[in-house]
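Here is a walk through the pockets of one protein model. Keep the structure open as you read.

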Amino acid sequence: MRVILDTSVLVAATRSRNGASFQLLSMLPSSQFEIALTVSLYTEWQSVLTRPEHLPPGASAEAAIGFLRYLASIAHLQDVHFLWRPFLRDPDDDMVLECAVASSSRYIVTHNVKDFKRCAELNVQAVTPAEFLTFLRRPT
């Protein structure tokens, strides 16, 4: 199963090791799910996570880039050939949704579920990291 990790999940994981976001990232690579990634989403990840306010104490921007390169190395790299813009209110969210549709991802894992309300029209469900972890723990 492919999923998209919204930037908000990565930011939350850098802020706390106790939350669902950190737990989800700690599972990677996983036999239960694979993250999908486009160049534009990677660029957003890098732009946001190298900001000083998002770096963990004592970490450098180079360390953040190293972690993002690791995520990219285990991700399904997806080209987007059809744009769904404008579909959502925020163009950055449209970019996340386009990655999900192009990669046939079932879920967008985000802390901003309300921003992705319309994605269900394209057979993609927006869920929080905690909801996604609950889904993964269900017996099959």
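In this predicted model, H4 supplies five residues to the lining of the largest pocket, the largest share. Start there. Helix H4 covers 61-74. Two other elements also give two or more residues to this lining: helix H1 (7-15) and helix H2 (20-26).

The lining counts 19 residues in total. Which of them lie nearest the centre of the largest pocket? They are Ala13, Thr14, Phe22, Pro56 and Phe67. The space itself comes to about 390 Å³.

Nonpolar residues number 13 in the lining of the largest pocket.

Move on to the second largest pocket. About 150 Å³ of space lies in it. Its lining includes Asp6, Thr7, Ser8 and Val11. Glu44 and Val48 also line this pocket. So do Asp90, Asp92 and Asp93, along with Asn112 and Asp115.

Which elements give two or more residues to this second lining? They are H1, helix H3 (39-49) and helix H5 (91-102). H1 gives the largest share here, with three residues. H1 also gives two or more residues to the lining of the largest pocket.

Methods: Residues numbered from 1 in each chain as written. Predicted model: local features only at pLDDT ≥ 70, side-chain atom pairs only at ≥ 80, totals over all residues. Heavy atoms only, no water. 1 Å grid on protein atoms, 1.4 Å probe; cavity = no way out; pocket = protein on both sides within 12 Å on 5 of 7 lines; lining within 4 Å. Points joined across faces, edges and corners; volume = space filled by probe spheres on them. Helix = DSSP H or I, 4+ residues; strand = E, 2+ residues; numbered from the N terminus. Nonpolar A, V, L, I, M, F, W, Y, C, P; charged D, E, K, R; others polar.
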